[in-house]
Amino acid sequence: MKKHIFFTLVLLISGLARADLVIEIDKGSRAAIPVAVVPFANESGQPLAEDIGQIVTEDLKRSGDIEPLDRTKMLSIPSKAEEIYFRDWGLLGQRYLLVGGVQYDAPSQVYKVRYELYNVQSQQRVIGKIISGKSEQLRDLGHAIADAVYEAVTGIRGVFSTRIAYVTLEKSGSKNIYKLEVADADGRRSKLVYKSAMPIISPAWSPDGKKLAYVSFESQRPAIYVQDVASGVRTQVTSYKGLNSAPTWSPDGSKLAVTLSKDGNAELYVLDLRNNSLKRLTNHWAIDTEASWSPDGRTIAFTSDRGGGPQIYLMDASGGSPRRLTFEGRYNSRPRFSVDGKKVYYVHQRDGSFNVASLDLESGQDQILTQTEMDESPSVAPNGSMIIYATQKNGKGVLAVVGVNSGSKYTLPAQFGDVREPAWSPYISR
């Protein structure tokens, strides 16, 4: 089990780092809904820093639930209702049609983006709105439109305006530079949160999406920090002797579940951030680590080798006797609850490969979700439709995303080197 504890660290020391991530879609869904996203008309003649329609197209395609029409197959480029020939879009097999335009108000330097989504068969407008922002906010506007279209078409709130956190490692001669970065959910607009010559691991978003908890080895031993993403203000919240690892937030954001070995063995504790009080949850000779709070805050899933190998256990958030959840295979670790609390996602080893799997807590049925070989660190999107995780591709560490129901897959490799330790943010008000 100790080998497992340091597994992430070994992987972190295996590559280089970079800034923005890129997207490579590996597999779509046969059940994807066809939606034509027509290029948005530039109604002011001012050059646009971003192609709003392309941002919407790429967001929707990445979801796996929607299949945007290739622009080269479009028979016309309408931007408003009176320009639409619905029969043409019906012949192209499209169920929905998105049109829009962009205007620029020079005095205020604000762009106004108009969009309208139509049902091709009924020829009725489904949604429509005008949203506005500065030049640097055009990507935000594109993501917001994609969120609105996704929800109108699928009935599920979109996550294109959320963000991801991850860790990269940059080698400069004999020196290593670890970077904790935050980017849009599509890997663009990365922002450095913290860097160190020593490893950074286990980033975890606060429930309001404003802070990150993580483990840094900058003092030559592990310590847990909480950092405000916007201001950069960081606070060291634990620095006990031995392990200080695997922080995870309670649903109300007032506590952190952490792993400490200050008393000689790795045990789970709850740190109350309001008064810095510490409560021990487990007391066992085994290693207990990688806690995950259930959405209702009543239970905690965690990894323990108390059964002879790493398996997933569940116990009350106040402590007590844990119940073993996983029995298939000799290695199951890093549990994360689904958004509705009905499933647990975790890393499962089979035939020498590490894959992301799910376990239905009511039926006990498990399912392997990924097919690559070195998958780790699953993190669930706030709408529960996708899971981001770290894996290997062509010898490089990359981030990958799998659709929970659609089975669609895409990867987010760095342009140079490896990237690890993803954490998907909650919904964020920006």
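Predicted model: local features only at pLDDT ≥ 70, side-chain atom pairs only at ≥ 80, totals over all residues.
Local features need pLDDT of at least 70 and side-chain atom pairs count only at pLDDT 80 or more, whereas totals for chains, interfaces and linings use all residues. Residues are numbered from 1 along each chain as its sequence is written, and side-chain values use heavy atoms, with hydrogens and water left out.

Helices (H or I, at least four residues) and strands (E, at least two) are DSSP runs, numbered from the N terminus. Strand β23 spans residues 332–337. Five of its six residues are buried, so β23 is largely enclosed by the rest of the structure. Buried means under 20% relative accessible area, exposed over 50%, and partly exposed in between (1.4 Å probe, protein chains only). β23 pairs with β24 (residues 343–350) in the antiparallel sense, over four bridges; pairing requires at least two DSSP bridges between the strands. Ser333 has Val347 of β24 as its bridge partner. Five residues separate the two strands of this hairpin. In the turn, Gly341 has a positive phi of about 75°.

Helix α5 covers residues 138–154. The expected span is 1.5 Å times one less than the number of residues. Buried residues of α5 include Leu138, Arg139, Asp147 and Tyr150.

Ser254 sits in the loop between β15 (244–249) and β16 (255–260). Its relative accessibility is 8%, so Ser254 counts as buried. Beyond residues up to four places away in sequence, Ser254 touches Leu271, Asp272, Leu273 and Arg274 (contact: heavy atoms within 4.5 Å).
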